[in-house]
Amino acid sequence: MAADAIQEYRVQPDALRRLCSLPADFEHDADEHVGTHIGQERAIDAIRFGIAMRKAGYNIYVLGPIGSNRHALIESLVGEEAKARGAPPDWCYVNNFSNPERPHSLRFPAGQGREFREDMRHLIEELQLAIPAAFEGDDYRNQLRAIEEDTKNRVEEQWKSLNERAGEEGIGLLQTPTGYVLAPIIDGKVIDDKEFNKLPKGKREQIEAAIERLSEELQARIEMMPKLRKAHRERVKALDQEVTAHAVSLQLADLKEKYRSLPRVAVYLDDVQENIIQNAQDFQQTETPSLPFLSRDSEQLYSQYEVNLVVDNADADAAPVIYESNPSYPNIIGRVEHRAEMGALVTDFRLVRSGALLQANGGYLILDTRRVLSRPFVWEALKQALFAKQVQIETPAESYGWVSTTTLKPEPIPLDARIILIGERWLYYLLCHYDIEFSSLFKVAADLDDDLERSDDNVERYARLVVRQAQSRELLPFNVSAVQRVIEERARHADDSERLSMHMSSLEDLIEQADYWARERGGGEVDAGDVGKAVSEGRRRLSRLQSRIIDAIKRDTLLIDTSGECVGQVNGLSVTDLGEFRYGHPVRITATTRVGTGDVVDIEREVELGGAIHSKGMMILSSALSARYVPDLPLSLHGSVVFEQSYGGVEGDSASVAELSALLSSLSRLPVRQNIAVTGSVNQLGRVQAVGGVNEKIEGFFDVCRARGLDGSQGVIIPQDNVKHLMLREDVVDAVKRDEFRVFAVRHIDAAIAILTGVDAGERGEDGDFPEGSVNGLVESQLIEYATARKSFAKEATKSGED
Amino acid sequence: MAKTELKLRVVIAVTETSPVARLWEAALRLLRDSPADLVTLYVEDDRWHRVASLPFTREISRSGGVPVEFTRQRAEQVSRERAARVQELIQKLAAESNLKPAFEVLGESDAERLREFIGSHESVLVAPSFISTRPIFAMLSEMSCRIELVEADEEEEKPAYTLP
């Protein structure tokens, strides 16, 4: 191919890097109205729909990569809606006096929960004074004394009458430490057996009978004593309750009136009153017990009337927007804490703690999907709460029925919170696919765009965004050249000269680092050079592997020729992705051909190093050969293609132009120029198609050539459809401008092979043949030779078989 | 208090039903007037043994149930428990006054031992007034010791039943 013919495929320098040129009237001041989410209208509309929609199930999943400013976007949008909604109710847990293991929940208008807690605290303080005072009053003491006196009189009456009757019959009642003994008494003294035996028989019998009778009576009276005691206790209890009721009703009257409009609270206050009256005797100040566990202490006694305020919106003027960065089960659902008491773990309603769901009740809860899914039990518990529309605070073990010990089971609290999950797209699609409940709970998908169109308007908005970001971070001011350079780098980040990346964290990194380099040189503002320095230094920090590969190529450890020609050998281009950094480098692709049965062997696939897409690309090569050449004969070729010195996996079809070129070179015996590398995929009709990583690939070959010395003959062939993606480094563009390096863009394999071999590919003429000496003509001639040879082999084989 | 060095001995005579506190106060008053040796003499009541000797005596428990035979062993036990109770009371009072009186148990008609305690000293006997009706009083009178009687009702038992 003539040199001037090649020129038509050269990409002009201005197409290698689309420079940014801000309008002359670009306002350099930060515009407060420019948000960080320009170009995200579709996602923003989806989020606004989700947060305003009040029906169940319209929870939101925000799809977008890490660093796309998802949190800031959500928080700003939700914050606006939260202000409009106002503060939601407070929630408290209080004692359930009839079943302390099932604490009651109480709902209060925002702020009243705290007020109620303080009111109850004040009530307790008042009761601590009022109840003991009532029991210490003269009125109570007199009544109690009267009851005691009455009981004492009754007891003494029993005792006295028995004593008198015994005395009348000459019998004394003696007390032993544990009981009584009836003894005959004569002349005021207990008689012994000798004295007793001296008595007349009649007298002895009389004494024995009297003792027998008195014993029975004594027993009867002993048995009556518990009844007297019980009656006494009941009278005292009734008195205590009467006194307590009087004291409590006075204290509670105001509270009942205050909370009359809250029926459940009013019922609770009735329960409090009833409970205090029923346990009136516990409120009397008694001596401290000798051991702490023998009696309920005063603190414990009054603490049962405390209020556990689990959701407090007293200081809120908007619906809550909660972001839980550690969505563990307790942090989301809540937990019941325990305290050690006498070696045992105990709990009560005061130790119930709310989780993020309750804190966000009436508002919004923002969670990171990946973290939610990686914390045990959280995902199922979250779904359960959303389905049931209530939060049941319990441990996972209780939830799954793994424990049988008695513990608290607080009354569930109704849930009215909008859940906003933030996560990567693949997680969203996995959940849609594998969790059949997901779609009914998260009906709104807000899909953030990775980039936006590089229109004039958008460029201007983006420029304002850059300026604003710099100001908000208190960085040095960015001059226009710096802003333009940033925008160019954002196009490079998007891998597209016609789009701008919306990956905000990388933008922030870039401007912060540019600021650093500006300060390093002592500049008062950031200019384009500082931005370029930030980019190049960022690459350099991560380029160790790339440097090692270039070094290996320079030292001929990795065999890559950048000059000369070779049959069946082409420089392909590969990209290695290290996450934060991608780089390209050349790989040698070789092909060999001989007569065969029409198969092209992909050695990478044979050894299971080739991925599915790569294998597909190889199969397309076979089809492309069949479709283009010797249509009337069987394809009698055996070809093999390999990535030389490649010891890892190969994936993608971006080397298929290079592979086909190597095969064509092998078939035509035309040597391929080694100073040209090639990338691109090819279809069955020979059309060259766009591939990814084109910038890195060009730069990768450029770096190798530069290391060996640029001579102006070196260059890269890329698909024409990739030209719009070009945002090459400035040094590459400068080299092209100086005619030290070239970039070719082709639409068809014929153009690529012509550039590589320097021979016209040739088109099939009206006679059906390719021009003689053209690449395609030589290929077809070779394939006809293979077919003829195969045919003759077949005949000989048949003949020898007949013989 | 080294009793061998003192000529005066104050003897508190107590029975199982004596008003111990009042007797102790009376003894302390005497000790304030002049230093003296202090001895507590517990006069054992033999009524438990007498009543136990009767074949039909039964003990009825305060908590009810079937009456059980009141044996001599039980009488001995009751008597010991009573003495121990009094001794405990005396020790408690003595500790408050930082004193350590001897505590001797004596049968009511054990004249020989009584003489051993009282006869060899210039003794003052502090005793409940009801002791004058007991046989031991006759023996005490014979020993010509000084006797301080403290007013108390004889057989001052606690009520049979107490309020809950």
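**Chat on chains A and B**

Q: Which residue of β3(B) does Tyr180(A) stand opposite?
A: Tyr180(A) stands opposite Ile60(B) in β3(B). This is a predicted model.

Q: How do β5(A) and β3(B) pair, parallel or antiparallel?
A: The pairing is antiparallel, and 3 bridges hold the count between β5(A) and β3(B), the latter being residues 58-61 of chain B.

Q: How many residues does each chain bring to the contact?
A: Chain A brings 31 residues and chain B brings 23 residues.

Q: Which elements of chain A give two or more residues to the side that touches chain B?
A: They are α6 (138-168), β4 (171-175), β5 (179-186), α7 (193-198) and α8 (201-258) of chain A. The most comes from α8(A), with 11 residues.

Q: And what is that side of chain A made of, by nonpolar, polar and charged?
A: On the side of chain A that touches chain B, 14 residues are nonpolar, 8 are polar and 9 are charged.

Q: What does β6(B) pair with?
A: Strand β1 (residues 8-14) of chain B runs parallel to β6(B), joined by 5 bridges. Strand β7 (residues 146-150) of chain B is also parallel to β6(B), again with 5 bridges.

Q: Which residues are bridge partners there?
A: Ile12(B) has Val126(B) of β6(B) as its partner, and Ala127(B) has Leu149(B) in β7(B).

Q: Where does the chain go between β6(B) and β7(B)?
A: It passes through helix α5 (residues 135-142) of chain B, and this β-α-β crossover is right-handed.

Conventions: Residues numbered from 1 in each chain as written. Chains lettered and ligands numbered in written order. Predicted model: local features only at pLDDT ≥ 70, side-chain atom pairs only at ≥ 80, totals over all residues. Pairing = 2+ DSSP bridges. Helix = DSSP H or I, 4+ residues; strand = E, 2+ residues; numbered from the N terminus. Right-handed = clockwise from strand over helix to strand, strands pointing away. Contact = placed C-beta atoms within 7 Å. Nonpolar A, V, L, I, M, F, W, Y, C, P; charged D, E, K, R; others polar.
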